[in-house]
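Take a look at the structure below. Keep the sequence beside you as you read.

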Amino acid sequence: MNRSSSSPGQHCIVIGAGTVGACCAWHLVSAGFKVTLIDRQAPGEATSFGNAACISPSHIVPFSYPGVWKKIPGWLRDPLGPLTIRWRHLPWVGPWLWGFWRAGTHDGVRASATAQAALMHHVIEDFQALLSRTGQLDLIRSRGALQVYEQPGEFEADRWMFDLEAELGFPWEALSRSDVAELAPALDPGEGQTVYLPSWQNTVNPGRMTAGIAEAAFADGAEWVQDEVSEVSARPGGVCVDTASGRRLEAGSLVLAAGPWSNRLAARLDQAVPMTAKRGYHSMIAGPGVALDIPVISGTRSFVITPLEEGLRLAGTAEFARLDAVPDYRRAQVLVGHAKRYLPGLQESGVTEWMGQRPMMIDSVPIISASPRHDNVFYAFGHGHYGLTQGATTGRLSVDLRRGDDPGLDMRPYRIDRF
């Protein structure tokens with residue numbers, strides 16, 4: 001579809017004030033558009049507040065792959081293991097799980113990893129440029145990350161993932177125990193293998209960083225509306241957004257970046273996509289009593305330990321349930337026990353718990369797309385675990401899509417109508 005380059009000052013509404021939406025708003029304002037950013041929560045207060053705080057370019061392998069289903073029965077037998085399904089919600093999540101399983105072929109894995117790699121090769125440069133402009137480079141640490149396997153066989157089972165990542169441009173390094181002791185003296189990695197991931201970065205406060213990006217957009221003229229979107233519609237030359245409070249917003253174009261809440265609105269405009277909410281939990285330890293200055297990913301227990309300015313964040317687990325289901329904070333509490341396995345001196349001082357919703361596509365590839373039906377509607381959602389990682393790049397691409405410019409990237413793998 002050919003899209004005319006509308007005047008730079010045309011009004012664009014961005015729905016969603018997480019990292020992706022905030023980055024879209026900032027990039028659009030910087031490109032000269034009038035922008036209204038709308039969300040029911042303040043910028044950076046939902047999933048972008050409580051994620052693992054890592055910018056993780058090398059994690060390009062999709063979550064569904066050959067053999068993963070052999071692991072699932074064991075995970076499900078453990079009520080506090082890395083994966084759980086609220087079985088009374090199975091009719092709601094079941095169709096997605098079926099599609100997720102079907103996507104995990106050898107060809108599907110390579111296609112998804114290749115699409116993710118094409119995005120991930122831009123994320124560090126894009127984030128550096130954005131945070132430099134918003135004055136927040138001090139919130140980023142560039143020390144890489146450690147991925148720990150407690151037993152030797154666990155690493156060998158996953159080695160194909162690291163080899164695929166290296167093939168697609170993300171090298172890794174197997175470390176000795178003395179290497180690990182130098183990088184993280186407080187860490188007990190077990191008897192298995194620890195891998196160094198040099199491409200990783202982390203932020204010391206993801207919520208504050210996201211809020212800062214939005215605030216920079218407001219300082220440049222973007223409008224903030226805190227309200228819940230109830231309805232959207234589009235017509236040639238304009239879009240309309242109705243809110244729960246009865247307010248009506250009209251503009252020339254729309255970017256939908258509402259994470260797991262996007263599908264209901266996408267269905268009004270074009271189509272729903274095979275996406276579900278994959279819940280994640282964290283425990284935040286304000287007084288851990290140990291020093292750690294590099295993120296640690298447990299390949300054995302499927303969670304991440306990240307040093308933040310407020311303490312240590314333990315983030316992970318996967319729970320499939322309806323968006324409105326009550327959180328089960330036992331899934332956050334179990335992470336403290338896991339962390340003590342790796343950090344023997346860890347103390348439990350000032351522990352708080354949190355739950356957030358990740359927007360998971362069956363192929364683990366986000367929607368970054370122009371609408372196939374409306375020349376003034378654009379999509380930026382479905383980033384799964386990587387909304388923080390891919391936010392700045394998605395924001396930059398949203399401007400290219402909005403203006404009809406060549407993004408310098410094959411956008412077909414990210415289209416909303418690819419399924």
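This is a predicted model: local features need pLDDT of at least 70, side-chain atom pairs count only at pLDDT 80 or more; totals for chains, interfaces and linings use all residues.

Start with the cysteines. A disulfide is a covalent bond between the sulfur atoms of two cysteines. How many disulfides does the count come to? The count is 0. Cysteine 23 is in no disulfide, and the nearest cysteine sulfur, that of cysteine 24, lies 7.2 Å away. To count as a disulfide, two cysteine sulfur atoms must be within 2.5 Å. So 7.2 Å, the distance from the sulfur of cysteine 24 to the closest cysteine sulfur, is too far for a bond. Are these residues buried or exposed? Cysteine 23 counts as buried because its relative accessibility is 0%. Cysteine 24 also has 0% relative accessibility, so it counts as buried.

Now move to helix H5, residues 106–134. At 1.5 Å a residue, its 29 residues should span 42 Å. The end C-alpha atoms of H5 are 41 Å apart, which agrees. Still, H5 has a kink of about 40°, centred on valine 123. Just after H5 comes glycine 135, with a positive phi of about 70°.

Finish with the strands. In a regular strand the side chains alternate between the two faces of the sheet. Look at strand S20, residues 367–370. Ile367 and Ser369 point one way, Ile368 and Ala370 point the other way, and all are buried. S20 pairs with strand S21, residues 377–381, in the antiparallel sense over 4 bridges. Within this pair, serine 369 stands opposite tyrosine 379 in S21. What joins S20 to S21? A hairpin does, through 6 residues.

Conventions:
Residues are numbered from 1 along each chain as its sequence is written. Side-chain values use heavy atoms; hydrogens and water are left out. Buried means under 20% relative accessible area, exposed over 50%, partly exposed in between (1.4 Å probe, protein chains only). Helices (H or I, at least four residues) and strands (E, at least two) are DSSP runs, numbered from the N terminus. The expected span of a helix is 1.5 Å times one less than its number of residues. The bend at a residue is the angle between axes fitted to the seven residues ending there and the seven starting there. Two strands pair if DSSP finds at least two bridges between them.
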